[in-house]
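This report goes through selected local features of one model.

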Amino acid sequence: MKVLVIGGGLGGLCLAQGLRQAGLHVSVFERQVSPSENLAGYGIHINRHGQQALKACLPSEGWSRFRELSTSAGTKLHFRDEKLRRLATRDEAILSGRPANEVELRGVGRIELREILLAGLMERSDPVVHWGKTFTHYELIADNRVRAHFDDGSAAEGDLLVGADASHSKVRQQYLPDVRRLELGILAIAGRYLLDDVQTAALPPEFTDGSLNNVVPAGPGWMFVAAWRSRSADVGGKQQDAQNYVMWAYVTPRSELVDVPQDRGSAALQNFVLQRIKGWSPDLSRLVRGADPETVAPVPLRSMPHLDAWAPSNVTLIGDAIHNMTPMAGIGANTALRDARVLRDALVDAAAGKLSIVDAVSRYESEMRAYANRAVGLSRRNAENASSDAGFPRRMFRLVLRLAQAFPPVMRATLGRSSKES
């Protein structure tokens, strides 16, 4: 069996590692010309599904490297009002009944994680990853095989083509042209507040201890706040200093920024957020006002629609290529890693003769659609609720949060749903 993977992002590389560990032939084709091109150095949280996928697909030294470079973000998600008073705290360990070390989030830099996933895939004698390969289209050929074409005139043939080429996937555009991302009309304005010892001491501990915080005011607006702490490490042969910062994001309808001067860049965005959070905790204003201007940017929120079933074939999709979602549930990258593991397991069974490649793809796609639709739905609901200025639903949500904090059955019936949906 030969598997062609289009796209060298987290999902595609995790799949490649898993197939390689299983002794299957895999080639990854990435349009970037080198591993260091256009790398975004922000952090991501890896949940238990993502960690299970990494542990299953990586060699033991890769998993150890992940544990070494990642830091614990705990098991708690806090909901606070605009004065930072606690409304509710959702604890995954309590809700799932699992030990904390099994369900804790691990924070890791995207650069570091990609370096872990690339390890062993770029050997000069027999590279798995091929750089500078921009996919144009595929064709189905004889003997149930598929041929991928690239803009340099080259082509590659295999038994299965996997589109892991992100939200603008060309594989999806050819294979499932009617499945398109939806514009939600929502923006998240995000920025980073760099931390040193003085700034850390000046902020409340919930902003610097790595925990996740949703700020839910009585009126319009919504903020997410979390600290990221990385360790000094050798990444790609270069020493990388530890990066400590608080990441904040303010969610708003896109229409609210119509009058914001576009030529003023980050300053205009910071002023917009500062006006919106006037009267909130001064610690929140400090984060926005003191953010590194180069990191302040608007992030348009988009989402895939609900995925209906399609006939399986020897072409399939993973990650953002098929279930791109908003960042409002924090599970996009984790769902891509989960895809890699589920598809890897099905293909290993196919290679062992237990089922055909198409049947393996069918098994993967059925399972993927179930959890991906839940994740996309949760992410979209979170984004729409966060951007809504409807007063009554917001007041009711804050009441539910307070009831959940006071009564464990309410917590399980409301905030406990997200662990099932992810």
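## Surroundings of Pro298

Leaving aside residues up to four places away in sequence, Pro298 touches Leu187, Ala188, Ile189 and Leu269. The model is a predicted one. Pro298 is located in strand 19, which covers residues 297–303. Glu104 is 194 residues away from Pro298 along the chain, and the C-alpha atoms of the two are separated by 29 Å.

Strand 6 pairs with strand 5 (residues 76–80) in the antiparallel sense, over five bridges. Within this pairing, Leu77 has Arg90 in strand 6 as its bridge partner.

Another open sheet has three strands in the order 3-7-4, and its pairing is antiparallel. Its edge strands, strand 3 (43–46) and strand 4 (71–74), each pair on one side only. Here neighbouring strands are turned by 35° against each other on average, direction ignored.

Strand 3 and strand 7 (residues 105–109) run antiparallel and are joined by four bridges. Ile44 stands opposite Val108 of strand 7. Helix 6 (residues 110–118) lies across strand 3 and strand 7, and it runs at about 90° to strand 7.

## Antiparallel pairs and a hairpin

| Strand pair | Bridges |
|---|---|
| strand 3 and strand 7 | four bridges |
| strand 5 and strand 6 | five bridges |
| strand 9 and strand 10 | six bridges |

In the last pair, strand 9 consists of residues 135–141 and strand 10 of residues 145–150. The bridge partner of Tyr138 in strand 10 is Ala148. The two strands form a hairpin with three residues between them, and Asp143 takes a positive phi near 60° there.

## Helices

Helix 2 (residues 48–57) and helix 3 (residues 60–69) have axes that come within 7 Å and cross at roughly 145°. This crossing of helix 2 and helix 3 is right-handed. In their contact, Gln51, Leu54 and Lys55 of helix 2 meet Trp63, Phe66 and Arg67 of helix 3. The residues of this contact divide into three nonpolar, one polar and two charged.

How does the span of helix 13 (residues 332–351) agree with 1.5 Å a residue, and what should it be? The 20 residues of helix 13 should span 28 Å, and the end C-alpha atoms are 29 Å apart, which agrees. Of these 20 residues, 14 are buried, so helix 13 is largely enclosed by the rest of the structure. Gly353, which follows helix 13, has a positive phi near 85°.

Terms used
Residues are numbered from 1 along each chain as its sequence is written. This is a predicted model: local features need pLDDT of at least 70, side-chain atom pairs count only at pLDDT 80 or more; totals for chains, interfaces and linings use all residues. Side-chain values use heavy atoms; hydrogens and water are left out. Two strands pair if DSSP finds at least two bridges between them. Axes are lines fitted to C-alpha atoms, for helices over the stretch in contact, and angles run from 0 to 180 degrees between N-to-C directions. Contact means heavy atoms within 4.5 Å. The expected span of a helix is 1.5 Å times one less than its number of residues. Buried means under 20% relative accessible area, exposed over 50%, partly exposed in between (1.4 Å probe, protein chains only). A crossing is left-handed if the near helix is turned anticlockwise from the far one by less than a right angle, and right-handed if clockwise. Ala, Val, Leu, Ile, Met, Phe, Trp, Tyr, Cys and Pro count as nonpolar, Asp, Glu, Lys and Arg as charged, and the others, Gly among them, as polar.
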